[in-house]
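Q: Please show me how to read a few features of a protein model. I would like the general idea, then the case here.

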Amino acid sequence: MSVIADFSVPADQFPLGHLLEVRSGVQVRLESMIPTGQSVIPYFWVQSPDVEAVEQALQEADVVSEFALVDRVGDETLFRVAWHESVDGVIETIRDTDSVILGGRGHGDHWTFQLRFQGNDSLSTFYRTVVEKGIDLELEGVHNPLEESEAPELQLTEEQREALIIALDDGYFDVPRGTTLVELADELGISDSAVSQRIRRGLTKILSARLTAG
């Protein structure tokens, strides 16, 4: 039975991490993709007005064999990348375990991403292999997609999920808070009222499902 796992990793230990250093506030968003041969994370979006600096960073990356600018929407640019055969670490291990990338985001000094595995054995192999390579991978959570399908109240919208992940990553739920609604709104490009609604509705779904379960 397949399982889904959420991970976080320091930006400097992930192949695309250097893109976050191009300019303050840069964000990278992975496109979900089933790996085929070397095609692990072939597409990703970079949110930055300085496209030339992003391209320069990709040219200088040892792990990148070649890349191409595919599309631009506002201040986001879609790139396609081919990895060098010697790429190691997270990318190689994703490929070797036939994992499926469901999504991922790079922001600040770390990455968060979600993978689907064929089963717990595959997940264990992935985690053990990455840690043995000296990567500070942190397992944030594991869940069963079958259980999710049986609990429709847990199905967050993409907007709610994005708002909750960014709020969590930026310390909105910390004491004291590491960010504000206004700062989250600027990051998401929406109003602070819209951010508040997405967070509140998303939390309501999660809490309603968990606290009333059983």
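Q: Which residue meets Asp6 in a salt bridge?
A: A salt bridge is a side-chain nitrogen of Lys or Arg within 4 Å of a carboxyl oxygen of Asp or Glu. Here the partner of Asp6 is Arg161, with 3.8 Å from N to O. This is a predicted model, in which local features need pLDDT of at least 70 and side-chain atom pairs count only at pLDDT 80 or more, while totals for chains, interfaces and linings use all residues. Residues are numbered from 1 along each chain as its sequence is written, and side-chain values use heavy atoms, with hydrogens and water left out.

Q: Where do Asp6 and Arg161 lie?
A: Helices (H or I, at least four residues) and strands (E, at least two) are DSSP runs, numbered from the N terminus. Asp6 belongs to strand E1 (residues 3–10) and Arg161 to helix H5, so the pair ties together parts that are 155 residues apart in sequence.

Q: How many salt bridges does a search of the whole structure find?
A: The search finds four. Among them is the pair Arg29 and Glu76, whose closest N and O atoms are 3.0 Å apart. Arg29 is in strand E2 (residues 27–30) and Glu76 in strand E5 (residues 76–83), so this bridge joins parts 47 residues apart in sequence.

Q: Is Glu76 buried or exposed?
A: Buried means under 20% relative accessible area, exposed means over 50%, and partly exposed is in between (1.4 Å probe, protein chains only). Glu76 has 19% and is buried. Arg29, at 26%, counts as partly exposed, and Arg161 is partly exposed at 30%.

Q: Which residue forms a salt bridge with Glu92?
A: Lys133 does, with the closest N and O atoms 2.7 Å apart. Glu92 is in helix H2 (residues 90–96), and Lys133 is in the loop between helix H3 (120–132) and strand E8 (138–143), 41 residues apart. Lys133 is partly exposed, at 33% relative accessible area.

Q: At what angle do helix H5 and helix H6 pack?
A: Two packed helices are described by the angle between their axes and the distance between the axes. Axes are lines fitted to C-alpha atoms, for helices over the stretch in contact, and angles run from 0 to 180 degrees between N-to-C directions. For H5 (residues 158–169) and H6 (residues 181–188) the angle is about 125°, and the axes are 11 Å apart. Angles under 35 degrees count as roughly parallel, over 145 as roughly antiparallel, 65 to 115 as roughly perpendicular and the rest as oblique. H5 and H6 are therefore oblique to each other.
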